[in-house]
Amino acid sequence: MKNNHQKHITNILSFLLILCYPIYINSSYAVDNKNPLDSNERINFENDLIPIFTKFGCNAGACHGSAAGRGEFKLSLFGGNPQADYVAIVRQIAGRRINLMHPEKSLVILKPTAQTRHGGGRVLKKNDVPVQLLHDWIRQGARYETKRHLKNVHITPKKQIVSDLKQTIQLKASAHFSDGTTKDVTRWTVFTPEDTSAIKINPATAIAKLNRRGRHIIIARYLTEVIPIEFIAPLNDKIDINSNTNNTVEKTDEIIASNIVNNIDTEIRKLLATLRLPVSANADDATFLRRVTLDLTGRLPTPEHVNAFLAKTDTKKRETWVDTLLASEEFNVYWTMQLAKLFRVRSRDRNTQGVYTYHQWLSKQIRDGVGYDKIARSVILATGDSHQVGAANFYRTVDGPREQAELMSELFMGARLRCANCHNHPLDKWTQDDYHGLAAIFAKIENEQIVRLKPTGTVIHPVTREKAQLRIPGERFLSVDAVDGRKELADWLTDPANPYFAKAIVNRLWKAMMGRGLVEPVDDFRSTNPATHPDLLTALADDFITNGYDLRHTLRQIALSNAYARSANATPQNRTDDRFYSHALKKPLAPEVLADAISDVLGVPDTYGAEPEGTRAVALIDPNTRSDALDILGRCSRETFCETSVGAADGLQRKLHLFNGDLLNARIGVPGSRLDKLITSSTLPMDIVREFYLAALSRHPTHKEQTFWKQHIDVNVSANTQRATLEDMVWSLLTCNEFVTNH
Amino acid sequence: MNSLPTISPIRQRLIVLCQHIFVGRDSEIAPTDGLLMVGGNSDSRPFQAHQLALNSALILITLSLLCLTLSVLSEDAHQPAILYSTPTAPITDLVLTEDGKSVIASSQAGLHIYEYPTLNLQRTIKTKAHNIHDIAFSPDGKLLAVGGGNPSVEGTVEIRSWSKGRSLPILKTLKGHRDSVTAISWRDSSTIVSGGLDRQIILWDIHKEKQIQVFKGHSKGVSSLCFLNDNNTLVSTGIDQNIRVWNVTTGELLRSLNNHTMSVHDLALRPNNSGSPMVASASDDQTVRFWQPSIGRMVKFARVKAPLLNVAWLNDGSRVAAASNDGHVYIINPDTVEVDTVHPAIDGWIYSMIVHPTNSDIIVGGANGQIKRLVVD
């Protein structure tokens with residue numbers, strides 16, 4: 001009986017067991033689960049947890065996402081490598097970072113909630129949803145496997161015109177996965193304004209509010225997707241953008257009206273209209289003459305040129321002058337220097353012969369009007385004795401294959417692949433495979449004096465620790481037995497469909513002429529750094545390709561646009577504009593150009609190392625040629641790209657030297673100088689003033705300026721006193737902002 | 001009762017489940033005598049667990065099927081299924097008892113006693129430390145040192161008695177590390193050295209529970225320790241990629257050996273070695289390196305295809321076994337530095353490996369509580 005009774009009780013208990021077990025499991029889960037995921041859903045490491053690490057900055061560069069990690073715990077930057085993150089959290093140090101038996105005692109929970117010491121302080125509270133997600137994921141077994149992968153993220157709005165600063169904008173992010181599902185991931189998407197003082201975004205609600213008018217970019221990040229959002233708040237209310245010009249319609253038809261010129265102005269004006277940003281008046285002829293002559297030849301127009309140009313009444317005189325400049329030897333010299341800077345031509349290891357050969361080769365390309373695509377192909381495919389084959393020196397510019405990959409990508413693609421050396425590019429699509437695969441192409445080139453193939457050359461991929469496979473960046477791997485991948489690389493790069501090559505160079509040309517790239521910095525093309533005028537950039541690139549990658553052609557189109565012809569004098573309504581071209585931007589003269597300009601105005605040539613007297617700074621082959629003047633003016637050594645190097649081009653040092661140093665003071669009145677010759681030839685003082693205004697500023701002095709100088713130049717004082725006053729006049733002209741800038 | 005078969009892990013979990021439902025407190029499982037011992041309460045009574053299990057066989061099968069069904073459904077994130085398998089903590093270390101009849105393994109769940117060679121689980125004993133990283137028997141086999149701790153809080157070495165039976169009572173707890181102890185090594189039956197993620201190495205007098213010497217030099221956590229035969233030279237290694245050699249008496253750092261290019265996880269002294277002592281090291285850089293620490297020389301190295309987590313010499317010192325994070329064991333000839341054989345062992349990371357002192361068995365433990373015996377020719 002006792003046994004039967006015991007069995008009976010046991011059977012009842014067993015039956016209860018079946019009934020209770022699911023209830024037990026479900027109830028305990030339901031109590032714990034306050035997270036936004038459905039309680040029945042398995043928590044997915046890649047799609048559910050990685051965005052949390054990003055949202056709370058755990059995998060940012062300043063925290064565990066740094067190259068060395070923090071506190072011996074390293075995560076991939078912004079979750080770029082979820083598998084590695086999983087290993088770091090679940091596998092490393094015998095899985096100490098999670099506690100499968102007691103999830104709440106896991107380090108990944110204790111640390112961010114500051115229940116144990118954490119260098120990053122308290123990031124989360126114990127009851128926060130992310131903590132519950134982490135807890136539940138560990139309780140579910142801390143598994144990685146996933147059956148769905150992110151395909152893309154849709155952000156709304158992607159572009160928004162904001163007329164009222166009081167207006168708030170709800171940002172939303174939807175993730176689309178490989179299994180066809182869509183999920184609202186707004187909560188876990190990181191919205192980061194480029195300028196945090198311009199936009200405030202509530203991280204919990206993703207509601208944005210502008211603090212300042214203008215065009216602002218927000219970067220939205222969810223997992224590996226980074227998407228730019230553009231906000232435009234008009235800078236003025238109901239202002240006619242032509243209100244400051246003499247004509248309501250600019251004189252586009254008075255100048256050559258090619259399609260691209262129209263495109264330039266159409267696109268520029270379209271954005272100006274959106275921003276309600278009025279344009280400044282057109283620059284006068286003298287200003288235009290000085291500007292375009294400096295931009296195309298790197299030198300000032302002579303007084304004779306100025307007088308002749310101003311005297312002309314031909315409506316096409318600007319176009320004619322531009323064509324004259326483009327055909328001049330001065331253009332060849334100056335743009336050889338521009339390309340030499342871009343290609344970072346410099347002597348290394350006393351390889352002066354190679355530098356000379358390289359410079360001569362570049363000069364010939366410019367002189368002959370060789371297409372930029374052919375120039376690129378020539379350097380990429382070059383082999384031979386670098387002392388005889390100029391293009392081969394491309395491979396002697398930097399030391400190793402990785403540096404060569406960085407040079408190539410920044411030069412010809414305008415993209416910073418270097419960011420993908422240690423981790424996938426956090427703001428772009430470039431992966432470590434792209435970086436090391438491109439480096440692997442260059443590893444097969446021996447860069448001694450004789451540049452030749454080195455089939456055994458390899459680079460080691462830091463992730464796989466195997467030889468990196470040759471790869472066209474962002475495109476495809478080359479065959480595993482490929483020895484020379486350069487032809488495929490050159491073909492891909494110079495293909496008209498290549499999305500980087502033409503845009504990268506036209507953007508640089510645009511910056512050279514306009515003072516700011518449509519994409520800035522010019523070597524940082526990426527989807528999260530959008531062009532101010534994307535359609536214009538595309539139109540310029542297409543036109544460049546259509547016209548045989550001709551540098552002169554694109555320079556000419558820009559030079560003849562209304563945008564280029566605008567005055568640098570800002571109006572009260574557009575004075576804050578530094579990127580929309582409502583007025584011309586004042587550009588500090590490059591050190592070489594300024595040195596030459598000073599010499600030209602003074603009539604006293606400078607000396608450069610052992611170069612013959614009369615050598616111009618822009619014609620120097622080696623950027624390290626001894627020159628105090630160029631050192632003072634902040635020349636670029638070309639060790640890195642000159643476009644991004646921080647020099648003294650318009651810094652305090654340069655100004656102090658101009659004001660007080662021997663660069664000017666020791667040369668203004670020396671025998672044989674322009675001033676000395678004019679005084680010696682008994683030229684009237686006011687004529688001397690006019691001569692220097694023409695030589696330095698390419699214009700006549702205004703009435704006010706003439707009055708000023710007449711008051712200060714006393715004809716009745718001694719010759720020495722009068723000479724000193726004239727020297728002061730020259731000094732004042734050469735130190736004024738109008739002289740040291742192209743405006 | 002003695003004729004009862006060993007209770008399988010699944011059934012053990014079900015017993016634990018019953019315990020949760022009907023009793024509501026943690027307990028210690030002693031499955032060999034078929035009793036579920038409910039501890040901590042004077043009113044506790046032995047519960048006929050095996051009888052419940054046998055009488056409920058049909059129900060258990062049904063329940064298992066239900067679990068299986070729900071588990072399959074749960075693979076799809078949109079299915080209303082949440083019955084996931086109980087997480088199983090990784091086996092972090094293994095030791096063989098002196099009599100060769102049992103293997104003790106450590107994990108976050110505690111200390112597990114397995115029968116050798118069947119590797120049937122006999123008992124699990126909870127520990128105070130949340131994480132256990134290293135366990136080691138004293139030279140006389142009577143004391144078991146358990147190194148671990150609470151991550152980022154403290155590191156401890158529990159000295160437990162093995163001679164008093166299989167309950168492994170704690171005799172002493174050595175406290176001094178500021179983070180988990182990850183490596184321990186006995187010097188003799190009264191002194192032990194411990195290394196932790198706090199970068200410190202401490203030599204202890206276990207009877208006085210006092211620190212004899214502190215060795216500071218590693219720039220990151222310590223992962224492994226071993227004494228040379230003179231018992232006065234200590235070799236240590238760690239996440240900082242360096243192998244460091246210490247004078248135990250003076251605490252002086254004699255030399256640092258830095259040929260590894262990534263974290264080093266394990267060291268093993270070559271047995272039966274004439275001449276200068278040789279130590280093998282296993283590293284994430286996928287190499288086993290052979291060192292003569294006394295003279296500070298790396299002799300040779302062998303490279304394999306996966307990061308290595310463990311290294312152990314075969315009994316005669318003729319070859320070395322290296323275990324990897326892809327679940328394989330590589331048998332390497334130290335003279336030719338070539339891989340003789342490769343043995344697939346478990347699925348995933350192998351965190352622990354021991355070589356049986358008298359036969360050709362290798363026992364590995366690792367991810368998801370896996371433990372396996374390999375026979376190496």
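**View 1. Chain B and its contacts.** In chain B, residues 24 or more positions apart account for 40% of the contacts with a separation of 6 or more (contact: heavy atoms within 4.5 Å). The model is predicted: local features need pLDDT of at least 70, side-chain atom pairs need 80 or more, and totals for chains, interfaces and linings use all residues. Residues are numbered from 1 along each chain as written, chains are lettered from A in the order written, and side-chain values use heavy atoms, without hydrogens or water. Chain B holds three helices and 29 strands (DSSP runs, numbered from the N terminus: helices H or I of at least four residues, strands E of at least two). Of its 377 residues, 56% count as buried (under 20% relative accessible area, 1.4 Å probe, protein chains only).

**View 2. Helix 10 against helix 11 in chain A.** Helix 10 (residues 329-342) and helix 11 (residues 352-367) of chain A pack at about 130°, axes 9 Å apart (axes are lines fitted to C-alpha atoms over the stretch in contact; angles run from 0 to 180 degrees between N-to-C directions). Residues meeting here include Trp335(A) and Leu339(A) from helix 10, and Leu362(A) and Ile366(A) from helix 11.

**View 3. Helix 11 of chain A and its surroundings.** Its buried residues, among them Tyr358(A), Trp361(A) and Gln365(A), pack against helix 10, helix 12 (372-380) and helix 18 (551-559) of chain A. Gly369(A) follows helix 11 of chain A, with a positive phi near 65°.

Notes:
Buried means under 20% relative accessible area, exposed over 50%, partly exposed in between (1.4 Å probe, protein chains only).
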